[in-house]
Amino acid sequence: MENKINAHNNILELIGNTPLVKLNRVAENLIGNFYAKVEAFNPGHSSKDRIANFIIEEAERKGLLKPGSTIIETTSGNTGFSIAMVSIIKGYKCILAVSSKSSPDKIDMLRSMGANVFVCPAHVAPEDPRSYYEVAKRLHQETPNSIYINQYFNSLNTEAHYRTTGPEIWKQTNGNITHLIAASGTGGTISGTAKYLKEQAQIVGAEVKIIGVDAYGSVLKKYHETKLFDKKEIYPYRIEGLGKNLIPTATNFEVIDRFVKVTDEDSAHTAREISKKEGMFVGYTSGAVFQAVKQLNEEGEFDEKSNVIIIFSDHGSRYMSKIYSDEWMKNQGFLDDKRVEQTPEIQFIK
């Protein structure tokens, strides 16, 4: 008898084809139809699996990676986890320069995946030798047989989403998408997805509006509107994987129609709201993106025929010590007399 087992060869075969899920209770007072593209269903629990696998396979195809090579990257956590995961399967070493703004949960996960982690101060200029950009460059120069992914300035970041996320959403919506709302950090997710969706919409004579979500303390929104890089826009903020203090070339500003800024506090509460109302344990940026949806709804952006696709980029388990910690929320001033929402207390039976 032939031994036939229906199984994947390895975990990388699970990347992509993430589900689209209708949002119900959390969107009940909004005008339109709202659907989440749940990227936590990737094996590394975030959309960054797509770019890690794609960029590494392209490097292999070009002969840039050889047995025993080391992959180096800057990351707020998610890309690093995905690179570490792919490196394990493909047999490469992994070194990550991580922003100190990254949650302890993310940093511990990276170490658990065998990555060598360098934690760099978050609130320094990109050209500062302590910044995670400069530390990654230095590590690349000092490490023989290494490549530096450099997701912020790597066009393959955008290409990965053009080839996967965009086609998936177009197929899942049967082309009936009117809006795409996504966080913009490196810009790869929103740019690649938007380019594909706009191309397909043009073919059928439709229109898709692309809206990026930015953080207060980031330069992206103003740069999109004025083409000016204004350092006065830069100040510390807490959301990870959203906004930037530089202009990533991976961001195609031409395919983005507008940006909306959200606050750290609103985004944290909205993430917790999604978890409690939809049973979807989402990350900080997912809360930020849906907070932007709320603000857009108040502006009258949507109507009854709007089909709004929202990218939920990662999983809430990476923020247990941050937005899902009442203590952290209190320390940030996010839980006060006006917002006393807390998780239920643990009750010990003696």
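The lining of the second largest pocket holds three nonpolar, four polar and four charged residues, where Asp, Glu, Lys and Arg count as charged, Ala, Val, Leu, Ile, Met, Phe, Trp, Tyr, Cys and Pro as nonpolar, and the others as polar. A pocket here is an open set of points on a 1 Å grid where a 1.4 Å probe fits, with protein on both sides within 12 Å along at least five of seven lines, and lining residues have an atom within 4 Å of a point. This is a predicted model, in which local features need pLDDT of at least 70 and side-chain atom pairs pLDDT 80 or more, while totals for linings use all residues. Residues are numbered from 1 along each chain, and side-chain values use heavy atoms, without hydrogens and water.

About 170 Å³ of space lies in that second largest pocket, and H1 (48–61) gives the largest share of its lining, four residues. Its lining residues include Arg50, Glu57, Arg163 and Glu168.

Let's move on to the largest pocket, with about 440 Å³ of space. Among its 28 lining residues, Ala122, His123, Val124, Lys244 and Asn245 are the closest to its centre.

Definitions and conventions. Points joined across faces, edges and corners; volume = space filled by probe spheres on them. Helix = DSSP H or I, 4+ residues; strand = E, 2+ residues; numbered from the N terminus.
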